[in-house]
Amino acid sequence: MTPDTTARTAKAAKAGPPGTGEPKTGDLRARMLEAAEALLNASPGNDVSTRAVCEAVGVTQPILYRLFGDKNGLLMALVTHGFERYISRKQALEATDDPVADLRAGWNDHTDFALTNRALYRLMFSPVLPEVPEPANRIFELLKQTLERCAAVGAVKIPTEEAAQTILSANVGVALSILSQPERFADPLLSTRVRDAVFASCLDESAAPRSFSAADDPSRAALALAAQLKQQPPAALHPTETALLLHWLARLHPAP
């Protein structure tokens, strides 16, 4: 590429489509996030400079500051984009008649996402940012939804909120261990072993996909009925009555 061609390419990148005078904000923002992720992947220290991002896209730093505020704003946008991509991937997973199998597949997919997006994952789940973006909460809610399905068939031994905390923290922990210290945590079955151990503490995998009754275990039957009520609130009950019933069911499964 000749110097004149290089100059024309850089000028076109700054100017955007013909007749616009500057790039469309959405397109430019997407290009800068793409450049930031590429630079993050290439960085030995998993860091990225605003100057390098601007040079990669062919714009000046004031444009980055206008779109993202500062470096933290750029990193926050990159993390948010990563969580949104993660959520889209989760929502594309097939829901089967066996919710425990779906939960197992979800754990494996989480680990695979970490291993295929190493630098971005570390930024997402080892935040050096002042706050966690909203999409991170949606990850937790998606996990709880699957656990509610498990609870509805009697496969959950503890409240779904506690099970979700246990499973997500363990899944993130093992993924970060593999990424941060690959030589120490080199066992290819590590994620599977941790998964099975954590699931054993939260779930009764033998319960799914069969139905569950109070004759098995009253406290777990209460969890199952509560999950069913949340999924399909009975028309015969007023919302306040359903809420009261859920309160009573929760009391049948006291915290350990």
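This is a predicted model: local features need pLDDT of at least 70, side-chain atom pairs count only at pLDDT 80 or more; totals for chains, interfaces and linings use all residues.

Reader: Is F125 buried or exposed, and at what relative accessibility?

Author: The limit that applies is again under 20% for a buried residue. F125 falls on the buried side of that limit, since its relative accessibility is 17%.

Reader: How are the rings of Y121 and F125 arranged, stacked, edge-to-face or tilted?

Author: A pair of aromatic rings is described by the distance of the centres and the angle of the planes. Y121 and F125 both belong to helix α7, where being 4 residues apart separates them by about one helical turn. Their ring centres lie 4.5 Å apart; planes under 30 degrees apart would count as stacked and over 60 as edge-to-face. Because the planes of Y121 and F125 stand at 35°, the pair is tilted.

Reader: What kind of aromatic pair do F83 and F125 form?

Author: By the pairing rule, the count comes to 4 aromatic pairs, and one of them joins F83 and F125, with 5.4 Å from centre to centre. The angle between the planes of F83 and F125 is 75°, and since planes over 60 degrees apart are classed this way, the pair is edge-to-face.

Reader: How many residues apart in sequence are the parts that the pair of F83 and F125 ties together?

Author: Both F83 and F125 are buried, and together with Y121 they form one aromatic cluster. F83 sits in helix α5 (residues 71–91), whereas F125 sits in helix α7 (residues 118–125), so the parts tied together by this pair are separated in sequence by 42 residues.

Reader: How are α6 and α8 oriented to each other, roughly parallel or roughly antiparallel?

Author: Two packed helices are described by the angle between their axes and the distance between the axes. For helix α6 (residues 99–116) and helix α8 (residues 135–152), the axes are 8 Å apart and the packing angle is about 155°. Angles over 145 degrees are the ones that count as antiparallel in this sense, and therefore α6 and α8 are roughly antiparallel.

Definitions and conventions: Residues are numbered from 1 along each chain as its sequence is written. Side-chain values use heavy atoms; hydrogens and water are left out. Rings of Phe, Tyr and Trp (its six-membered ring) pair if their centres lie within 6.5 Å; planes under 30 degrees apart count as stacked, over 60 as edge-to-face and the rest as tilted. Helices (H or I, at least four residues) and strands (E, at least two) are DSSP runs, numbered from the N terminus. Buried means under 20% relative accessible area, exposed over 50%, partly exposed in between (1.4 Å probe, protein chains only). Axes are lines fitted to C-alpha atoms, for helices over the stretch in contact, and angles run from 0 to 180 degrees between N-to-C directions. Angles under 35 degrees count as roughly parallel, over 145 as roughly antiparallel, 65 to 115 as roughly perpendicular and the rest as oblique.
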